[in-house]
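Good morning, and thank you for the time on the agenda. I would like to speak about the disulfides and salt bridges of one structure.

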Amino acid sequence: QEQLVESGGGSVQTGGSLRLSCAPSGFPDTRYCVGWYRQAPGKAREEREGVGTIYLSSGTTDYPDSVKGRFTLSQDNADNTIYLQIDNLKPEDTAMYYCAAVKAYSRNWCRSLRVANYNIWGRGTQVTVSS
């Protein structure tokens, strides 16, 4: 059974950096889109904001304009752990960060995915940024 486990969250000051990890297990192959989402305090699950996607087979990444330049996805090809590097953290980055996955046969499909499209979710890791 496919599972995702996030780690690496914490409390940091404005301007700091964090690297979040998403460790997959039980995946039969690498034809999956993996997305990182965040859920700000008081927001509903349906309002989770996507901050980046990666297609495991190719390592192709995509980011929304709102985080380009500060958020970077990478992948460890040995075990397919996905890393989300967040630089120059701001108080508005405070949220629970989740990674999610869905089977996909095309990397181009990843960029069009929404929260409802993903069927595998981790439990999240909390990021808190203080000013």
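Predicted model: local features only at pLDDT ≥ 70, side-chain atom pairs only at ≥ 80, totals over all residues.

**Bonds between parts of the chain**

At 65% relative accessibility, Asp65 counts as exposed, because the threshold for that class is over 50%. The side chain of Asp65 meets that of Lys68 in a salt bridge, with 3.2 Å from N to O.

How many salt bridges does a search of the whole structure find? The search finds 6. In general terms, side chains of opposite charge can pair when their charged atoms come close.

Let me turn to Asp29 and Lys103, whose side chains form a salt bridge at 2.5 Å, N to O. Asp29 lies in the loop between β3 and β4, and Lys103 in strand β9, so this pair ties together parts that are 74 residues apart in sequence. Asp29 is partly exposed, at 24% relative accessibility. Lys103 is partly exposed as well, with a relative accessible area of 24%.

Another salt bridge joins Arg38 and Asp93, where the closest N and O atoms are 2.8 Å apart. Since Arg38 belongs to strand β4 and Asp93 to the loop between β8 and β9, the pair ties together parts that are 55 residues apart in sequence. Are these two residues buried or exposed? Both Arg38 and Asp93 are buried. Salt bridges with shared partners also join Arg38, Glu49, Arg70 and Asp93 into one network.

I now come to the disulfides, of which a search of the whole structure finds 2.

In one of them, the sulfur atoms of Cys22 and Cys99 are 2.1 Å apart. Cys22 sits in strand β3 (residues 18-25) and Cys99 in strand β9 (residues 95-103), so the pair ties together parts that are 77 residues apart in sequence. The torsion about their S-S bond is about 75 degrees, and the disulfide is therefore right-handed. Cys22 is buried, at 0% relative accessibility, and Cys99 is buried with a relative accessible area of 0%.

The sulfur atoms of Cys33 and Cys110 are 2.0 Å apart in their disulfide. This pair links distant parts of the chain, with Cys33 in strand β4 (residues 32-39) and Cys110 in the loop between β9 and β10, 77 residues apart. Here the S-S torsion is about -85 degrees, so the disulfide of Cys33 and Cys110 is left-handed. Cys33 is buried at 0%, and Cys110 counts as buried at 4% relative accessibility.

Finally, with the bonded cysteines numbered in sequence order, the pairing reads 1-3, 2-4.

Terms used. Residues numbered from 1 in each chain as written. Heavy atoms only, no water. Disulfide = S-S within 2.5 Å. Helix = DSSP H or I, 4+ residues; strand = E, 2+ residues; numbered from the N terminus. Buried < 20%, exposed > 50% of the residue type's maximum accessible area, 1.4 Å probe, protein only. Salt bridge = Lys/Arg side-chain N within 4 Å of Asp/Glu carboxyl O.
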